[in-house]
Amino acid sequence: MFSEKIQIELIKQINRESESSQLYLYMASYVESSGFEGICEFLYDHSNEERMHMLKLIRYINQRGGNVIFNKVCIKNTIYGSIKELFKKLLDHERKISSKINFLVELSLQEKDYFTYNFLQWYIEEQIEEESLIKTILDKIELIGEDKGGLYLLDRDIRKIHNK
Ligand code: OFO
């Protein structure tokens, strides 16, 4: 049984994924003019991944006979003090998304909606991967520093991660 409560919360998640996609897109565009090709490609690519997360939810809700409603998503224009700050913001964002996914999993159990519980397992795996990826990038920044040479190496390494 696809409960109304679950449907409402999954729709909120669609809008969060849309916000994630916009955020990565904004950040990609933000760094593009600074010559960080690797970081830029990584962020553009990730924006597409977030769109795919959104799409997966939309199709699931429709498959279950639900009704999808879209909210207006607004990303604030932000000036980042550094590349490290940008990735810190991303890690905070992904951690926020993870806590929302955990909430959805808990709700699916409370509502005894095991189809949704099963569907959400993919998102759990994805969040583990994403948090760890952004954390690895932040560790790298810590290790190699943020002077010109360090950022050059970071950009090159992210290009490698992106092309894997
Ligand atoms: Fe970043 O995984 Fe979806 O939101």
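**A walk through a predicted helical model**

K112 counts as exposed because its relative accessibility is 59%, where exposed means over 50% relative accessible area, buried under 20% and partly exposed in between, with a 1.4 Å probe and protein chains only. This is a predicted model, in which local features need pLDDT of at least 70 and side-chain atom pairs count only at pLDDT 80 or more, while totals for chains, interfaces and linings use all residues. Residues are numbered from 1 along each chain as its sequence is written, and side-chain values use heavy atoms, with hydrogens and water left out.

K112 sits in the loop between α3 (83-110) and α4 (114-144); helices here are DSSP runs of H or I with at least four residues, numbered from the N terminus. The phi of K112 is near 55°, a positive value in a residue other than glycine. Most residues other than glycine have a negative phi.

S47, by contrast, belongs to helix α2 (residues 37-63), and it counts as buried because its relative accessibility is 4%. Beyond its neighbours within four places in sequence, S47 is in contact with S21, Y24 and L25, contact meaning heavy atoms within 4.5 Å. The C-alpha atoms of S47 and S21 are separated by 4.3 Å, although the two residues are 26 residues apart along the chain.

The interior can be followed through its nonpolar cores, each a set of buried Ala, Val, Leu, Ile, Met, Phe, Trp, Tyr and Cys residues joined through side-chain atoms within 4.5 Å. In the largest nonpolar core, which has 24 residues, I39, L43, I83, F87 and L90 touch the most other members. To this core α1, α2, α3, α4 and α5 (148-163) each supply at least two residues, and α1 gives the most, with six residues. L90 touches L23, Y24, M27, L43 and I134, when residues up to four places away in sequence are not counted. Apart from this core lies another, of 18 residues, including M54, I97, L107 and Y123.

Turning to the pockets, the lining of the largest pocket includes E19, L23, M27, C74, K89 and H93. Here α1 (4-32) and α3 each supply at least two lining residues, and the largest share, four residues, comes from α3. A pocket is an open set of points on a 1 Å grid over the protein atoms alone, where a 1.4 Å probe fits, with protein on both sides within 12 Å along at least five of seven lines, and lining residues have an atom within 4 Å of a point.
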